[in-house]
Amino acid sequence: LFRSLYYGVEQPPVLTDQEKNALRQSLGIASDSFAIGMVGRIEKGKGQHLLVQAIKQIAAQGIKIHATIIGPAMTSGFEAKLKQQVAEWSLTENIHFFGSHNNPIEIMSAFEVVVLATKQETFGLVLIEAMRNGVAVIGTRAGGVPEIIDEGITGLMFEPENSQELADKLLLLINDKDLCDKLAQAGKEKADRMFAQEKHYQQLVGFMGKLQ
């Protein structure tokens, strides 16, 4: 008998609208911009280049969009290339490299959506952290991500390495705020039910009890 006990994440701080606006301002996000967060080591396998390419397509349409890339650079060359592309494509107002953050879950509520663009993700803890924050999520259709995201219900997915599909999914949420809010709410409900740290021990005890 095999049962899955998913890793649990802590309940993030609940911010008021005023606190969220202040957080967005501290991150340099304009009040009228659609805000995207991406958290993870800056390396090719994590797919930051895909988000940069998607932002280029969306910004070219005159849409106000802002992406915050959070995480340490694992190789200076890859990060330098990303920053060079951002500058060459005139995206310095649209994309901000935050650097490392000790506990990114604390600032996720500043975003409309959190993106995980990894080519092959074992699980996708960042997605769960965003979902518990009540933030919509978009992840790659690979690895453990489909166990977290129910396509079109608790989030959206795209094929790995496909920046065009990522741009399309972002545009879908930008153009349909009700859908974005609906996915965020359903995602939070699932994360609170299945991935809550405060329920992790009780779920383990329940599983063990069924084996006796």
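**Entry 1: the nonpolar cores**

I began with the largest nonpolar core, which has 36 residues. Ile36, Leu51, Ile95, Ile138, Leu166, Leu170 and Leu173 are the residues with the most contacts inside this core. I recorded a second, separate core of 27 residues, which includes Ile128, Val135, Val145 and Ile148. A nonpolar core here is a set of buried Ala, Val, Leu, Ile, Met, Phe, Trp, Tyr and Cys residues joined through side-chain atoms within 4.5 Å. Buried means under 20% relative accessible area, exposed means over 50%, and partly exposed lies in between (1.4 Å probe, protein chains only).

I noted that the model is predicted: local features need pLDDT of at least 70, side-chain atom pairs count only at pLDDT 80 or more, and totals for chains, interfaces and linings use all residues. Residues are numbered from 1 along each chain as its sequence is written, and side-chain values use heavy atoms, with hydrogens and water left out.

I then looked up the surroundings of Leu173. Leaving aside residues up to four places away in sequence, Leu173 touches Phe34, Val113, Ala136, Ile138, Leu156, Leu179, Cys180 and Leu183. Contact means heavy atoms within 4.5 Å.

Helices (H or I, at least four residues) and strands (E, at least two) are DSSP runs, numbered from the N terminus.

I next looked up the pairing of β5; two strands pair if DSSP finds at least two bridges between them. Strand β4 (residues 113-116) runs parallel to β5 and is joined to β5 by 4 bridges. Within this pairing, Val115 stands opposite Ile138. Strand β6 (residues 156-158) also runs parallel to β5, with 3 bridges between them. The bridge partner of Ile138 in β6 is Leu156.

I also followed the path from β4 to β5. Together with helix α4 (residues 125-132), these strands make a right-handed β-α-β unit. Right-handed means that, with the strands pointing away from the viewer, the path from the first strand over the helix to the second runs clockwise.

**Entry 2: strand β4 and Val115**

In β4, I saw that Val113 and Val115 point one way and Val114 and Leu116 the other way, and all are buried. Strand β1 (residues 34-39) runs parallel to β4, and 2 bridges join them. Ile36 stands opposite Val113 in this pairing.

Is Val115 buried or exposed? Val115 counts as buried because its relative accessibility is 0%. Val115 touches Ile36, Gly37, Met38, Ile138, Leu166 and Leu170, not counting residues up to four places away in sequence. I also looked up Lys177, which is 62 residues from Val115 along the chain; their C-alpha atoms are separated by 17 Å.

**Entry 3: salt bridges**

How many salt bridges does the structure hold? I recorded 12. A salt bridge is a side-chain nitrogen of Lys or Arg within 4 Å of a carboxyl oxygen of Asp or Glu.

Asp192 forms a salt bridge with Arg132, with the closest N and O atoms 2.9 Å apart. This pair links distant parts of the chain, since Asp192 lies in helix α7 (residues 177-194) and Arg132 in helix α4, 60 residues apart. Asp192 counts as buried at 19% relative accessibility, and Arg132 counts as buried at 2%.

The side chains of Glu165 and Arg141 meet in a salt bridge at 3.4 Å, N to O. Glu165 lies in helix α6 (residues 163-174) and Arg141 in the loop between β5 and α5 (145-148), so this pair ties together parts that are 24 residues apart in sequence. Glu165 is buried, with a relative accessible area of 17%, whereas Arg141 counts as partly exposed at 30% relative accessibility.

I found Lys169 and Glu151 joined in a salt bridge as well, at 3.4 Å, N to O. Lys169 is in helix α6 and Glu151 in the loop between α5 and β6, 18 residues apart. Lys169 is buried, with a relative accessible area of 12%, and Glu151 counts as partly exposed at 35% relative accessibility. Salt bridges that share partners join Arg141, Glu151, Glu159, Glu165 and Lys169 into one network.
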